[in-house]
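Please read them with the structure open beside you.

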Amino acid sequence: MPTYITLFQWTQKGIENVKDSPKRLDAVKEAIKAAGGNMQAFYLTMGQYDGVTISEAPSDEAFAKTMLAIGSAGAIKTQTLRAFTEDEYRKLIGSLR
């Protein structure tokens, strides 16, 4: 399954209700699971982003739809990166002519 790294920042609404964020995280995990994927890791971070997740999903479309639904709740803004494993990277580079 494709891997995704998602960087997120709390919105004003999200930080005002930060004590509810563990429940929101559980809901995000369930939404990704319902889309056929799973969240492999979650990190609270310091700096430009408030957190990072690493997830898998069956397709870019499935993950994008899930992230749009999560973002529409208004507690976070996300930036998602499609990540390629080392094996995928080596295959891509090896196919260059």
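1. A search of the whole structure finds three salt bridges, a salt bridge being a side-chain nitrogen of Lys or Arg within 4 Å of a carboxyl oxygen of Asp or Glu. Please keep in mind that this is a predicted model, in which local features need pLDDT of at least 70 and side-chain atom pairs count only at pLDDT 80 or more, while totals for chains, interfaces and linings use all residues. Residues are numbered from 1 along each chain as its sequence is written, and side-chain values use heavy atoms, with hydrogens and water left out.

2. One of the salt bridges joins the side chains of Arg 82 and Asp 60, at 3.7 Å from N to O. This pair links distant parts of the chain, since Arg 82 belongs to strand β4 and Asp 60 to helix α3 (residues 60–71), 22 residues apart; helices (H or I, at least four residues) and strands (E, at least two) are DSSP runs, numbered from the N terminus. Arg 82 counts as partly exposed at 31% relative accessibility, and Asp 60 is likewise partly exposed, with a relative accessible area of 43%. Here buried means under 20% relative accessible area, exposed over 50%, and partly exposed in between, with a 1.4 Å probe and protein chains only.

3. Within helix α4, Arg 90 and Glu 86 lie four residues apart, about one turn of the helix, and their side chains meet in a salt bridge of 2.9 Å, N to O. Arg 90 is exposed, with a relative accessible area of 52%, whereas Glu 86, at 49%, counts as partly exposed. A further salt bridge joins the side chains of Asp 20 and Lys 23 (3.6 Å, N to O); Asp 20 is partly exposed at 32% relative accessibility, and Lys 23 is exposed at 58%.

4. Leaving aside residues up to four places away in sequence, Glu 56 touches Met 1, Pro 2, Thr 3, Ile 32, Gly 37, Asn 38 and Gln 40, where contact means heavy atoms within 4.5 Å.

5. Phe 84 sits in the loop between β4 (76–83) and α4 (86–94) and is partly exposed, with a relative accessible area of 47%. Met 46, in the loop between β2 (38–44) and β3, counts as exposed at 85% relative accessibility.

6. As for the chain overall, there are four helices and four strands, which follow the pattern β-α-α-β-β-α-β-α along the sequence. Of its 97 residues, 32% count as buried, and the C-alpha trace spans about 50 × 30 × 20 Å along its principal axes.
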